[in-house]
Amino acid sequence: LKSSLRISITSPCPESTIKKLGIKQWQIWSCDPSTFPWVYSDQETCLILEGEVTVTPEGGDPVSFRAGDLVVFPKGMSCTWKVHKAVCKHYRFGN
């Protein structure tokens, strides 16, 4: 079941979507280059402002994204984050 959880990417994220979702009001998270495990206890939607990242879901293929991409991580997904270039993102948990 876990392997059916997929990361969805809109690249690049259109300005209309950014406005519609109110993304510029969301909190900001940033991280220097590093590798770490992560488990999503809720769905996360994020807009990458800076950086390059590869996320590898448990039992799945690596997914890479960068500045300008809107990324949705499903609730319940276990993965490993590899931050290649320092990342900064707007994010929101929940639907």
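User: Where is threonine 45 found?

Analyst: Threonine 45 sits in strand S4, and as this is a predicted model, everything I say about its surroundings is computed from predicted coordinates.

User: Is threonine 45 buried or exposed?

Analyst: Threonine 45 is buried, because its relative accessible area is 5% and the cut-off for buried is under 20%.

User: And which residues is threonine 45 in contact with?

Analyst: Leaving aside neighbours within four places in sequence, threonine 45 is in contact with Trp26, with Leu70, Val71 and Val72, and with His90, Tyr91 and Arg92.

User: There's threonine 54 as well; which strand is that one found in?

Analyst: Threonine 54 also belongs to strand S4, which covers residues 44-57, and with a relative accessible area of 14% threonine 54 is buried.

User: Changing topic to the rings, how many aromatic pairs does the structure hold?

Analyst: There are 9 aromatic pairs in the structure. In the pair of tryptophan 38 and tyrosine 40, the ring centres are 6.3 Å apart and the planes stand at 70°, so this pair is edge-to-face. Tryptophan 38 counts as partly exposed at 39% relative accessibility, whereas tyrosine 40 is buried, with a relative accessible area of 2%.

User: What about tyrosine 40 and phenylalanine 73?

Analyst: Their ring centres are 4.7 Å apart and their planes lie at 5°, so tyrosine 40 and phenylalanine 73 form a stacked pair. This pair links distant parts of the chain, 33 residues apart, since tyrosine 40 is in the loop between strand S3 (34-39) and S4 while phenylalanine 73 is in strand S6 (residues 70-73). Both tyrosine 40 and phenylalanine 73 are buried.

User: Which residues do the ring pairs link into a cluster?

Analyst: The cluster that the ring pairs link consists of Trp29, Phe36, Trp38, Tyr40, Phe65, Phe73 and Trp81.

User: And in the largest nonpolar core, which residues touch the most other members?

Analyst: The largest nonpolar core has 17 residues, and those touching the most other members are Val55, Phe65, Phe73 and Trp81. At least two residues of this core come from each of S4, S6 and strand S7 (78-93), and S7 gives the most, with 5 residues. Another core, of 6 residues, lies apart from it and includes Cys13, Ile18, Ile23 and Trp26.

User: Now the prolines. Where does proline 33 have its place?

Analyst: Proline 33 is in the loop between strand S2 (27-31) and S3, and at 52% relative accessibility proline 33 counts as exposed. Apart from neighbours within four places in sequence, proline 33 is in contact with Val83, His84, Lys85 and Ala86. From proline 33 to tryptophan 81 the C-alpha to C-alpha distance is 9.9 Å, although the two are 48 residues apart in sequence.

User: Which peptide bond is cis?

Analyst: The peptide bond from serine 11 to proline 12 is cis, with omega near -10°, and proline 12 lies in the loop between strand S1 (8-10) and helix H1 (15-21).

User: Zooming out, what does the secondary structure come to?

Analyst: The protein chain has 1 helix and 7 strands, and from the N terminus on its elements run β-α-β-β-β-β-β-β. Of the contacts with a separation of 6 or more, 77% are between residues 24 or more positions apart.

Technical notes. Residues numbered from 1 in each chain as written. Predicted model: local features only at pLDDT ≥ 70, side-chain atom pairs only at ≥ 80, totals over all residues. Heavy atoms only, no water. Helix = DSSP H or I, 4+ residues; strand = E, 2+ residues; numbered from the N terminus. Buried < 20%, exposed > 50% of the residue type's maximum accessible area, 1.4 Å probe, protein only. Phe/Tyr/Trp six-rings, centres within 6.5 Å; stacked < 30°, edge-to-face > 60°. Core = buried A, V, L, I, M, F, W, Y, C linked by side-chain atoms within 4.5 Å. Contact = heavy atoms within 4.5 Å.
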